[in-house]
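Thanks for sending this one over. Here are a few notes on the salt bridges, point by point.

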Amino acid sequence: MMGSECKVHQLQAAGDGGPGAVAPFVAKTFHMVSDPSTYAVVRWGGAGNTFLVLDPAAFSDFLLPSYFKHRNFASFVRQLNTYGFRKVDPDRWEFAHESFLRGQAQLLPRIVRKKKKAGATPGCRELCEEGEEVRGTIQAVQRLRDEQRGMEEELQAMDQRLRAAESRPGQMMAFLAKLADDPGVVLRAMLAKKEELAAAGNNGSDPCKRRRIGADTGRGGVATGSDAAELAQSRGAVPFPFSVLGQVFY
């Protein structure tokens, strides 16, 4: 690769427009495509006879200003057309020229700008091609923006899930501290839930049973430690529900 770059510089040194000279645009494009550090953005095709722009947004924002002092991807594509490059894939930005080959810098002088007839104005075909290029560029940029927006939304959702996961240990410690101060809190909660489900199953048809439940729970509808223990004993032993603790936080 270094040999090809040296060859490009030698050909450029032959003189602007002279025999064996390489057009600056062609030389810069060849150097840019051949640079391994930019393979994530632009690189040679598999056969080495095409090159692909994989990320038009990054290509416009970072590479074009470094080589051509502008950020206009459509202008770069027009320049390629001016030098005889053609777009070989309608679904991606892949271009080819018969003299633009990987490792073949000696062929670059053959790539010259198309000559225009004196006084000729752009025809309908040229204007249509430029319009298609501009529309294609706009669509590619819009697609990249949509993908970026989707990634940002996904990252926000992941951040919310992470924050929720980070808060759970604190909630668990607070619950355990409360449990240490009042060991009957879980038992009362289970009994209250059980009575609620039983009342829902009976459709509220046994008011006497509901009054008995209220009497059992003591003042304010909350059972004391001894009342809860007697109530649990009268209905059968209830094991401490360690498996239920996780449901408090999920």
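1. First, the term itself: a salt bridge here is a side-chain nitrogen of Lys or Arg within 4 Å of a carboxyl oxygen of Asp or Glu. By that rule, the structure holds 4 salt bridges.

2. A word on the basis. This is a predicted model, in which local features need pLDDT of at least 70 and side-chain atom pairs count only at pLDDT 80 or more, while totals for chains, interfaces and linings use all residues. Residues are numbered from 1 along each chain as its sequence is written, and side-chain values use heavy atoms, with hydrogens and water left out.

3. Look at helix H5, residues 124-181 (helices are DSSP runs of H or I with at least four residues, numbered from the N terminus). Asp-146 and Arg-149 pair up there, their closest N and O atoms 2.9 Å apart. The two sit 3 residues apart in the helix, so about one helical turn separates them. Asp-146 is partly exposed at 38% relative accessibility (partly exposed lies between buried, under 20% relative accessible area, and exposed, over 50%, with a 1.4 Å probe and protein chains only). Arg-149 is partly exposed too, at 43%.

4. Helix H5 also carries Arg-163 and Asp-159, 4 residues apart and separated by about one helical turn. Their salt bridge has its closest N and O atoms at 2.8 Å. Asp-159 is partly exposed at 34%, whereas Arg-163 is exposed at 56%.

5. Salt bridges with shared partners also link Asp-89, Arg-92 and Glu-94 into one network. Within it, the side chains of Asp-89 and Arg-92 meet at 3.3 Å, N to O. Asp-89 is buried at 18% relative accessibility, and Arg-92 is partly exposed at 41%.
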